[in-house]
Amino acid sequence: MVEMRASDILRSVFELNGFANIQTRGLEPLDELRRKGEITKEVYVVRRLHADASDADELGLHFDLTVPFARYVVDNAGRLNFPFRRYQIQPAWRGERPQEGRYREFWQADIDIVGESVLDFHHDAEVALVMLEACARLSAELGIAPVRMRINNRKLIQGFYAGLGVSDPLAAIQAVDKLDKIGEQGVSALLTEQGIASGEVAQILRFAAIQTSTPGFADMVRALGVGTEDLDQGIAEVDQLFQAVHEQFPDNVVVDCKIARGLDYYTGSVFELELRGNESLGTICAGGRYDSLATDGRKTYPGVGISFGITRVFAPLISKGLLVASRSVPSVVLVAVDSEDTRAQANAVAALLRSRGISCEVSPNSQKYGKQIRFADRRGIPYVWFGGVDGQIKDIRSGDQADAGADQWTPPADDMAPKILRADQ
């Protein structure tokens with residue numbers, strides 16, 4: 001119920017900002033999944049139990065929603081109006097070792113904006129701002145911690161590495177992307193294995209250490225003595241993105257030069273979000289710009305998007321009891337049954353309540369009222385209805401009971417639907 005409420009909040013914010021919902025298939029051709037970065041070990045391969053030699057197509061479960069979305073754009077380009085704005089809230093699967101915040105099956109909420117041949121840069125800031133708005137709503141309504149968005153740009157990174165003479169910038173990016181997991185010593189070893197000299201490794205680590213919440217990051221980068229055209233363009237784009245986000249969320253954005261995103265389809269802006277005070281959960285939301293992921297060979301559809309890890313954020317909070325639902329079922333009322341001969345009367349009461357938007361259920365048996373009340377209590381249902389359309393309603397929490405008509409009675413607003421509560425509320 002907590003994750004459903006979070007999904008409802010995300011959906012509301014996305015639709016408020018003009019994003020339309022789509023759903024894509026869970027299975028994708030394995031070759032399509034394999035070519036999207038360092039993810040081979042993460043993909044679950046799928047085959048029929050009694051597959052034979054005629055089953056030539058290899059399929060895998062999608063590990064994110066961006067790759068299947070790119071395929072969707074190419075397949076439906078003739079029917080889409082660009083820039084196309086979509087959101088998806090669906091499960092994905094990864095070959096993870098299950099642990100807190102990382103799961104084999106998990107739910108994500110993605111937004112993306114895709115253009116036809118070109119996509120203006122201001123959309124990079126737009127998706128970042130929409131996701132920060134959604135996180136602010138989640139914080140206000142569900143009590144999750146405020147977020148911190150870390151931003152960077154692949155042009156800035158690749159331009160810096162090229163200026164150092166690194167022969168394989170993508171491999172270096174994927175190594176530095178592990179900095180938080182294996183530390184400087186581990187990353188240094190990976191870079192050295194790639195044939196990068198110790199002096200350049202030291203420069204890469206100095207660059208990755210640059211982190212600031214002010215526009216002064218450009219001077220910090222230039223102080224390292226590297227200059228290339230890509231680096232200059234990356235600095236300009238980071239500055240533009242930072243200014244746009246900082247204007248609306250001044251306390252929630254940081255330029256962080258170690259942020260790279262390991263997937264090779266990112267070509268420009270990259271984002272990562274973490275929960276402040278809950279950094280141990282790691283990245284809970286991430287994304288970036290991809291200019292060539294969606295292409296049919298003749299035309300390219302550049303895009304930018306960001307994904308929120310619903311399960312990653314809420315499963316640990318739920319398991320620790322930090323977020324709980326006020327009741328486990330949507331029912332506000334249990335309609336009691338006097339005897340099986342009068343069940344039709346109870347059904348009529350329930351139908352009338354439901355027609356007025358009041359969630360209810362009819363007692364599964366006609367046992368003594370005390371047992372029916374205990375049944376409602378175990379399910380967390382706050383009210384029990386006795387009698388016909390003109391009957392009595394009992395608040396089983398307080399014990400208060402009063403005459404009521406099913407065509408008029410309405411529960412207090414706070415009881416109409418389950419609420420998500422912090423454990424300290």
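**Salt bridges, ring pairs and backbone features**

D112 is buried, at 1% relative accessibility (buried means under 20% relative accessible area, exposed over 50%, partly exposed in between, with a 1.4 Å probe and protein chains only). The model is predicted, so local features need pLDDT of at least 70, side-chain atom pairs count only at pLDDT 80 or more, and totals for chains, interfaces and linings use all residues. Residues are numbered from 1 along each chain as its sequence is written, and side-chain values use heavy atoms, leaving out hydrogens and water.

D112 forms a salt bridge with R86, with the closest N and O atoms 2.6 Å apart (a salt bridge is a side-chain nitrogen of Lys or Arg within 4 Å of a carboxyl oxygen of Asp or Glu). The pair links distant parts of the chain: D112 lies in strand 6 and R86 in strand 5, 26 residues apart (helices, H or I with at least four residues, and strands, E with at least two, are DSSP runs numbered from the N terminus). R86 is also buried, at 0% relative accessibility.

The whole structure holds 24 salt bridges. Another joins D124 and R289, whose closest N and O atoms are 2.7 Å apart. D124 lies in helix 4 and R289 in strand 11 (residues 285–295), so this pair ties together parts 165 residues apart in sequence. D124 is buried, with a relative accessible area of 0%. R289 is buried at 9%. R397 and D415 also meet in a salt bridge, at 2.9 Å from N to O. Here R397 is exposed, at 51% relative accessibility, whereas D415 is buried, at 11%. A network of salt bridges links R148, R150, D256, K258, E274 and E279.

Aromatic rings were examined next. The structure holds 12 aromatic pairs (rings of Phe, Tyr and Trp, its six-membered ring, pair if their centres lie within 6.5 Å; planes under 30 degrees apart count as stacked, over 60 as edge-to-face and the rest as tilted). Y72 and F84 form a stacked pair, 6.5 Å centre to centre, with 20 degrees between the planes. Y72 is in helix 3 (residues 66–76) and F84 in strand 5 (residues 84–93), 12 residues apart. Y72 is buried, with a relative accessible area of 19%; F84 is buried, at 11%. Ring pairs link F69, Y72 and F84 into a cluster.

Two backbone features follow. Most residues other than glycine have a negative phi, and most peptide bonds are trans. The peptide bond from F82 to P83 is cis, with omega near -5 degrees. S117 is not a glycine, yet has a positive phi of about 75 degrees. S117 is partly exposed, at 47% relative accessibility.
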